[in-house]
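Look at the sequence and the model below before working through the exercises. Each one has a task and a solution in steps.

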Amino acid sequence: MGRSSIVYVIGLTLIVGLMLNNITSNSVSSMDTFTTYYGSTRVHNIAVSGANVGAQLLIGYNVFPANFGVDFFGGHDSIIYLSNTPQTDWVTLRSMSEVDQLITSSMNPDQLGLPFRDTVEGVFKHVTFAKFSWFTEQEKNGYLAPNGSHGPYYGASDWKITGDSVFGPAHTNGKFNIDGRPYFNQKVTTAQGINKGPTYNPNWPGFDIAYESRPTTTNLQANLTAAAMLGGGLFDQTTGNNDVALTFMNDQVRVQIPPNGALRDTTMALSALAANGVIVVQGADVRIKGTYQGALTVSAFGGSGGATNKGNVWIDGDVVAKNDPQTNPASTDMMGIVAGRMAYITEDDTRTTSSVLNIEAAVYCQNGELTAENFWNIPVSGRVNLYGGVTQATAGSLGLFNPGPPLTFLNGFSYDIHNDPRFATEQPPHFPTSSSYEMVSWWEN
Amino acid sequence: MSVMLDLIGSLVIAGFVILMGLRLNETISGSADASMAGLNVQESMAELVRNIESDFRKAGYNVPDPTQTIVLADTSHIKFIADINRNGTIDTIEWFLGPPLTTLPNPNIRVLYRNVTDSTGVWTGGGAAGLGVTQFHLRYFTQVGDSIAPLDVADYNKIWIIEIALRVESPYKVQDVVNTDNSQYAASFWKQTRLASRNIKRHGG
């Protein structure tokens with residue numbers, strides 16, 4: 001009896017011991033699963049945090065940031081900036097993190113991937129102004145007549161009010177003036193916040209504070225002129241200051257200098273005039289209209305003396321793509337309009353309330369705005385449909401209206417501005433970009 | 001007489017000892033079973049979570065217009081596009097919960113599927129991503145945290161944030177850890193309240 005009891009107890013102890021060992025083993029494995037997940041999450045968070053810091057330094061930089069490393073959260077992170085391939089003017093930010101973390105099991109640490117490592121990559125490019133449906137340095141009217149005199153509303157605040165709608169990115173480096181219930185389909189960005197009117201109630205997702213620097217006039221002109229000299233079309237009118245008229249006819253263009261063709265009146269292939277798509281008029285204005293084919297940027301710059309008030313782009317009629325991007329987003333036809341001074345919609349008093357002017361282009365006015373010539377003094381002229389966007393120093397007006405109620409147009413145009421989604425990733429050749437960066441893509445494991 | 005009493009007494013004591021041993025054996029076996037089931041559930045959950053996080057973080061990667069990233073957004077079914085393999089082509093990634101499996105003791109168990117198709121629509125990977133899933137619930141939010149109704153196609157371009165809830169259970173009941181007389185399914189629950197791909201959030205496209 002005594003011996004059998006001892007055998008029984010020993011046997012039971014062995015069985016219980018084996019089971020407890022099994023349970024302990026499960027507990028250890030469970031802890032391993034936890035610590036492995038914790039370790040991978042931790043090292044991932046370090047990599048993401050480092051990438052966030054690196055991205056912020058890049059987006060808000062004054063001096064291009066240098067590579068750096070930092071220890072935090074029990075790990076190490078290295079942030080490096082690389083030239084992107086194949087877009088060499090883009091930047092790839094790589095954040096590589098590493099954490100040494102104890103794993104409790106007897107597993108070979110190599111099988112668990114120790115030390116934990118993770119990499120996050122972000123690709124950034126300069127902010128292109130083509131993507132904005134609305135961009136101003138300041139939300140004030142800045143109408144300058146061709147002779148340099150101010151318009152009657154010069155300096156007045158531009159207000160976004162009930163009935164106004166903006167589709168696409170909208171930004172100002174000043175303050176947005178908001179009253180009533182204007183519509184924005186995206187969060188807007190503003191450098192100096194919002195000036196609220198008495199019935200402020202915008203229909204929008206909200207706003208963020210951001211600043212986008214624009215190039216200097218000197219750099220803008222130099223970059224486009226260099227491109228025009230290297231495979232583009234350069235009209236140097238610094239002597240004589242004769243304006244240039246371009247009438248686009250699909251893949252052809254009629255060139256008239258001055259616009260009555262007295263000095264030159266030729267029709268040629270666009271590819272022959274500007275193989276790389278960049279057309280620059282120096283010391284004069286350029287007048288454009290017609291249907292274009294391919295990717296183009298048409299620009300005009302003034303100068304000194306007789307060219308002081310030059311550098312304007314005159315939109316004499318519809319400027320539209322042959323392959324309409326509104327119906328075919330894969331269209332490769334796109335136009336950039338760059339004015340060193342103003343972009344005018346030419347006065348045409350034959351227009352009526354039912355007239356429509358179509359512009360398919362990204363418009364950029366370095367020191368002026370997109371406006372209608374004498375907008376306060378012309379008949380009610382219908383509607384401007386701008387498919388693309390406008391970036392301007394001041395907030396151009398196209399017409400005058402009495403806010404009512406009822407809202408009544410008095411002079412000029414109403415307008416609809418709609419961004420071209422293609423400009424989120426593409427832009428007309430050598431169209432201006434900001435020195436600021438924005439994210440193109442973000443990769444996390 | 002005393003020998004008989006000794007024999008009877010020892011039989012009674014031996015009986016108690018055997019009963020205690022059997023009870024101990026049952027309890028320890030139950031604990032071991034529960035422990036193993038818990039471990040399996042936890043490992044299954046961890047693996048699923050890693051895959052879900054990895055995929056969802058890449059949503060919209062290299063997509064020219066990130067507002068088009070979400071193709072389908074239902075409560076337990078999501079389809080989005082991304083260059084998931086970084087090979088320059090846009091893939092379609094789909095996660096969805098299958099119907100309950102009827103052959104297991106746990107009637108709530110389903111299969112969570114992950115499918116990847118390339119730009120030509122050819123299936124390139126995925127399949128059953130995890131077993132034992134009893135809940136895969138998705139909620140969608142805008143840039144400012146407003147909820148978006150499932151299957152509201154017009155609002156897919158407003159989705160910035162995705163909330164994911166995942167529950168994994170064992171296929172059979174195991175001993176309760178606290179009250180060993182009860183049994184229940186070993187379970188693990190995970191909730192990611194703010195999973196947002198940076199690629200969806202790109203401003204202005």
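The exercises below treat a sheet, the nonpolar cores and some backbone details.

The model is predicted: local features need pLDDT of at least 70, side-chain atom pairs count only at pLDDT 80 or more, and totals for chains, interfaces and linings use all residues. Residues are numbered from 1 along each chain as its sequence is written, chains are lettered from A and ligands numbered from 1 in the order in which they are written, and side-chain values use heavy atoms, with hydrogens and water left out.

**Exercise 1.** Find the strand order of the open sheet of five strands in chain A, and say which strands stand at its edges.

Step 1. The order is 1-2-3-4-29, and the pairing is antiparallel. Strands (E, at least two residues) and helices (H or I, at least four) are DSSP runs, numbered from the N terminus. Two strands pair if DSSP finds at least two bridges between them.

Step 2. Strand 1 (68-72) and strand 29 (433-444) of chain A each have a single partner strand, so one side of each has no neighbour in the sheet.

Step 3. From one strand to the next, the twist averages 20°. Axes are lines fitted to C-alpha atoms, for helices over the stretch in contact, and angles run from 0 to 180 degrees between N-to-C directions.

Step 4. Five bridges join strand 1 of chain A to strand 2 (residues 75-83) of chain A. In this pair, Val70(A) is opposite Asp77(A).

Step 5. Helix 1 (residues 2-59) of chain A packs on the sheet, and its direction makes about 25° with that of strand 4 (116-128) of chain A.

**Exercise 2.** Which residues have the most contacts inside the largest nonpolar core?

Step 1. A nonpolar core is a set of buried Ala, Val, Leu, Ile, Met, Phe, Trp, Tyr and Cys residues joined through side-chain atoms within 4.5 Å. Buried means under 20% relative accessible area, exposed over 50%, and partly exposed in between (1.4 Å probe, protein chains only).

Step 2. The largest core has 60 residues, and those with the most contacts inside it are Phe235(A), Leu246(A), Phe248(A), Ile288(A) and Met335(A).

Step 3. Apart from this core lies another of 39 residues, including Val49(B) and Phe80(B).

**Exercise 3.** Is Asn250(A) buried or partly exposed, and where does it lie?

Step 1. Asn250(A) is in strand 15 (residues 244-250) of chain A, and its phi is near 60°, a positive value in a residue other than glycine.

Step 2. With a relative accessible area of 30%, Asn250(A) is partly exposed.

Notes
Contact = heavy atoms within 4.5 Å.
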